[in-house]
Amino acid sequence: MSLGYDRPLYILPFDHRGSFQKKMFGWPGELTPEQTAEMARTKEVIYDGFKAALAAGVAKEKAGILIDEQFGSKIIRDAVAQGYTVALTIEKSGQDEFDFEYGADFGKHIKALNPTFGKVLVRYNPEGDRDLNARQNERLKRLSEWLHKEDYKYVFELLVPATDTQLESVKGDKKAYEQKVRPRLMVQAVHQIQEAGIEPDVWKIEGLDRREDCAKVAQAVRRGGRDRVGCIVLGRGEDDKKVREWLAAAAGVPGYIGFAVGRTTFWDPIKDWHQDRIKREEAVRRIAANYREWVDIFEKAAS
């Protein structure tokens, strides 16, 4: 299988686990079987929103979902059977250091569900803890080699949290870090990760305000003959306005093929439904409308 994925890719992510459990439901600690079932039932509402968007005109070949095995195994099996593009999250939830959710058995779990992509979320600052970065890279390289050997694609979600020193350099101004420091660090991180032997097919990238910064990141992921490797913009739970800005900045930049916007798509509809303010059908409708809006924004800006 050749490296890369350069077709349009519009992902609805709902692989949230720990954050979903605590912030949506307010459930700390280990879940009961009933709570686990409720989490799974809630994710089916989001999935129905995805399917409703496809029924309303979003192209099936461009659309996809990102979901976890813990609460979404039933959804994954249905989506694979329907021929949808599926990315399966592989990392443990809520950890600063990447590790496999199912340890050395990660491959058995991927094969059992047979998604299109294996996906990881990684917090990686190229000027941060070298030992931490090295430990993560060893695991991520093992996964990279396994996925490609077994003919699966690899989605790499890169987050670049600021170090104390980097924040001090902008006097603690997080917005200044996002605009002036993080774009440079993202390019450095991509280079370091590639040089460690890790080869994503798709990079899931934090939104950038400036088009020129999007271009620099895209050039980094495609350097050295990686001509088909793609970037998608993640939503990071931001409000509608910010997501629109990020999509517009990235759309049409060579190498940017789509987005993965989750919480901004489903959080409010699910919260309203969970609190009995709206019916299930209305939650599905609103999720579908939000997802379709991102598709329309990206495609219009790209054209």
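The following legends describe close-up views of a predicted model.

Residues are numbered from 1 along each chain as its sequence is written, and side-chain values use heavy atoms, with hydrogens and water left out. Because the model is predicted, local features need pLDDT of at least 70 and side-chain atom pairs count only at pLDDT 80 or more, while totals for chains, interfaces and linings use all residues.

View 1. Helix α9 spans residues 240-250; helices (H or I, at least four residues) and strands (E, at least two) are DSSP runs, numbered from the N terminus. Val243, Trp246, Leu247, Ala249 and Ala250 of this helix are buried, where buried means under 20% relative accessible area, exposed over 50% and partly exposed in between (1.4 Å probe, protein chains only). Seen down the axis of α9, the buried residues fall within an arc of 160°, so they line one face of the helix; the arc is that of the directions from the helix axis to the C-beta atoms. The elements covering these residues include α8 (211-221), β7 (230-234), β8 (256-260), α10 (263-274) and α11 (280-302), with contact meaning heavy atoms within 4.5 Å. Gly252, which follows α9, has a positive phi near 90°.

View 2. A salt bridge is a side-chain nitrogen of Lys or Arg within 4 Å of a carboxyl oxygen of Asp or Glu. Lys242 and Glu245 form one at 3.3 Å, N to O; being 3 residues apart in α9, these two are separated by about one helical turn. Lys242 is partly exposed at 22% relative accessible area, as is Glu245 at 32%. Arg236 pairs with Glu238, the closest N and O atoms being 3.9 Å apart. In the salt bridge between Asp272 and Arg277 the corresponding distance is 2.7 Å, and Asp272 is buried at 16%. The whole structure holds 38 salt bridges.

**View 3. Aromatic pairs.** Rings of Phe, Tyr and Trp (its six-membered ring) pair if their centres lie within 6.5 Å; planes under 30 degrees apart count as stacked, over 60 as edge-to-face and the rest as tilted. The count by this rule is 20 aromatic pairs. Phe20 and Phe266 are edge-to-face, at 6.0 Å centre to centre and 85° between the planes. Phe20 lies in helix α1 (residues 18-24) and Phe266 in helix α10, so the pair ties together parts that are 246 residues apart in sequence. The rings of Tyr154 and Phe156 have centres 6.2 Å apart and planes at 65°, so this pair is also edge-to-face. Tyr154 is buried at 0% relative accessibility, and Phe156 is likewise buried at 0%.

**View 4. Nonpolar cores.** A nonpolar core is a set of buried Ala, Val, Leu, Ile, Met, Phe, Trp, Tyr and Cys residues joined through side-chain atoms within 4.5 Å. The largest has 90 residues, and those with the most contacts inside it are Phe156, Tyr256, Phe259 and Tyr291. A second, separate core of 11 residues includes Tyr5, Phe117, Ile232 and Ile257. Beyond its neighbours within four places in sequence, Tyr256 is in contact with residues including Ile205, Cys231, Ala250 and Phe298.

**View 5. Surroundings of Thr85.** Thr85 lies in strand β3 (residues 85-89) and is buried at 13% relative accessibility. Leaving aside neighbours within four places in sequence, the contacts of Thr85 include Tyr5, Leu9, Ile65 and Phe117.
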